[in-house]
Amino acid sequence: EETSRGGVSRRRDYGNITLDHCFDAVQDVKYITLRQLRSPRRVYTMQRHLFVALACEWTSESYPRIGQYIDKHHSTVMYYEQRQKTEDFYALYQKAEDRIQKELARQERKSRAVR
């Protein structure tokens, strides 16, 4: 799939997963408010890292759009995506990913009910 600038999009389409769904998944795993996620405090870097990883994997949003959501620059989003992931991160990521898969299943059931 080509993007508007001629590049190739590497992200897959998983349905109607939005940045709000990604934030809800992070909030379920590590209680955090949107205000805290957007704050400059370093205490919340793991949560931001988790949010960016989910958003890049599960949505088709661009780096600038993901950055706008958390009040960060797109280069910060790129840094978080490329950042080394620890075992703690992977454990949290798996829990958050399960939350997103439940959301996809809910959307699927809802679309079947409408038919």
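The model is predicted, so local features need pLDDT of at least 70 and side-chain atom pairs count only at pLDDT 80 or more, while totals for chains, interfaces and linings use all residues. Residues are numbered from 1 along each chain as its sequence is written, and side-chain values use heavy atoms, with hydrogens and water left out.

**Packing of α3 and α6**

- Helix α3 (residues 45-58) packs with helix α6 (residues 87-114) at an angle of about 45 degrees, and their axes are 10 Å apart; helices here are DSSP runs of H or I with at least four residues, numbered from the N terminus.
- The two helices, α3 and α6, are therefore oblique to each other, a word for angles left over once those under 35 degrees (roughly parallel), over 145 (roughly antiparallel) and 65 to 115 (roughly perpendicular) are set aside.
- The contact (heavy atoms within 4.5 Å) is made by residues including M46, H49 and L50 of α3 and D88, F89 and L92 of α6.

**The two sides of α5**

- In helix α5 (residues 74-82), V77, Y80 and E81 are buried, meaning under 20% relative accessible area with a 1.4 Å probe and protein chains only, whereas exposed means over 50% and partly exposed lies in between.
- On the other side of α5, Y79 and Q82 are exposed.
- The buried residues of α5 pack against α3 and α4 (63-69).

**Q107 in α6**

- Q107 lies in helix α6, and at 16% relative accessibility Q107 counts as buried.
- Apart from neighbours within four places in sequence, Q107 is in contact with N16, I17 and H21.

Terms used
Axes are lines fitted to C-alpha atoms, for helices over the stretch in contact, and angles run from 0 to 180 degrees between N-to-C directions.
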